[in-house]
Amino acid sequence: MSEIELHPSIVALVSLAADIASNHPKQGLCKIDRLKQYGVPRQHIETVVEIARHIRDEAAQKLDASFDQALAERLDDATPAKAQPEQAACCTPTASGQSCC
């Protein structure tokens, strides 16, 4: 099996997205400089940032809903105050319509 190397710009984009989605303290800012050096267009960087933030925010909402449900069950209240229905889709588009899948 041959090893396939990703272009450094792809690695930097993935790393930037992971930093943002995971709330990394450095926020991936050093990757921005690298991406600019690689000639990655501003629009591509902004799209990656938007998708990463959307995934981060969606994960937080699902965790909050799960916690609210568990809290309600432990407090013997079958319906938590802010219960959110489960979404059938694996992911939802960002505010500007970008797909995160």
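View 1. A nonpolar core is a set of buried Ala, Val, Leu, Ile, Met, Phe, Trp, Tyr and Cys residues that are joined through side-chain atoms within 4.5 Å, and a residue is called buried when its relative accessible area is under 20%. In this structure, which is a predicted model, the largest such core has ten residues, namely A12, L13, L16, I20, L35, V40, I45, V48, V49 and A52. The elements that give two or more residues to this core are helix α1, which covers 8-21, and helix α3, which covers 42-74.

**View 2. Helix α3 and its buried residues.** Helix α3 has 33 residues, which at 1.5 Å a residue should span 48 Å, and this agrees with the 48 Å between its end C-alpha atoms. Buried in this helix are I45, V48, V49, I51, A52, H54, E58, A65 and A72, and the buried residues of α3 pack against α1 and against α2, the helix that covers 29-37. After α3 comes D76, a residue whose phi is positive, near 60°.

View 3. Not counting residues up to four places away in sequence, H54 touches T92, P93, T94 and C100.

**View 4. The salt bridge between D19 and K31.** Side chains of opposite charge can pair when their charged atoms come close, and the structure holds three salt bridges. In the one shown here, D19 is paired with K31, and their closest N and O atoms are 2.7 Å apart. This pair links distant parts of the chain, since D19 is in helix α1 and K31 is in helix α2, twelve residues apart. D19 is buried, with a relative accessible area of 10%, and K31 also counts as buried, at 12% relative accessibility.

**View 5. The salt bridge between R42 and E46.** In this view the side chains of R42 and E46 meet in a salt bridge, with 2.8 Å from N to O. Both residues lie in helix α3, four residues apart, which is about one turn of the helix. An α-helix has 3.6 residues a turn, so residues three or four places apart point the same way. R42 is exposed, with a relative accessible area of 66%, whereas E46 is partly exposed, with a relative accessible area of 42%.

**View 6. The salt bridge between R56 and D57.** Here the side chains of R56 and D57 form a salt bridge in which N and O are 3.1 Å apart. R56 counts as partly exposed, at 23% relative accessibility, and D57 is likewise partly exposed, with a relative accessible area of 38%.

View 7. Which residues make the nonpolar surface patch of about 350 Å²? The patch is made by L6, I10, V11 and V14. Of these residues, I10 is found in helix α1, and I10 counts as partly exposed because its relative accessibility is 39%, a value in between the 20% limit for buried and the 50% limit for exposed.

Notes
Residues are numbered from 1 along each chain as its sequence is written. This is a predicted model: local features need pLDDT of at least 70, side-chain atom pairs count only at pLDDT 80 or more; totals for chains, interfaces and linings use all residues. Side-chain values use heavy atoms; hydrogens and water are left out. Buried means under 20% relative accessible area, exposed over 50%, partly exposed in between (1.4 Å probe, protein chains only). Patches are made of residues with over 30% relative accessible area and no salt bridge: like charges are joined within 9 Å, nonpolar side chains (Val, Leu, Ile, Met, Phe, Trp, Tyr) within 5 Å. Accessible areas come from the Shrake-Rupley method with a 1.4 Å probe; for residues, only the protein chains shown count as cover. A salt bridge is a side-chain nitrogen of Lys or Arg within 4 Å of a carboxyl oxygen of Asp or Glu. Contact means heavy atoms within 4.5 Å. The expected span of a helix is 1.5 Å times one less than its number of residues.
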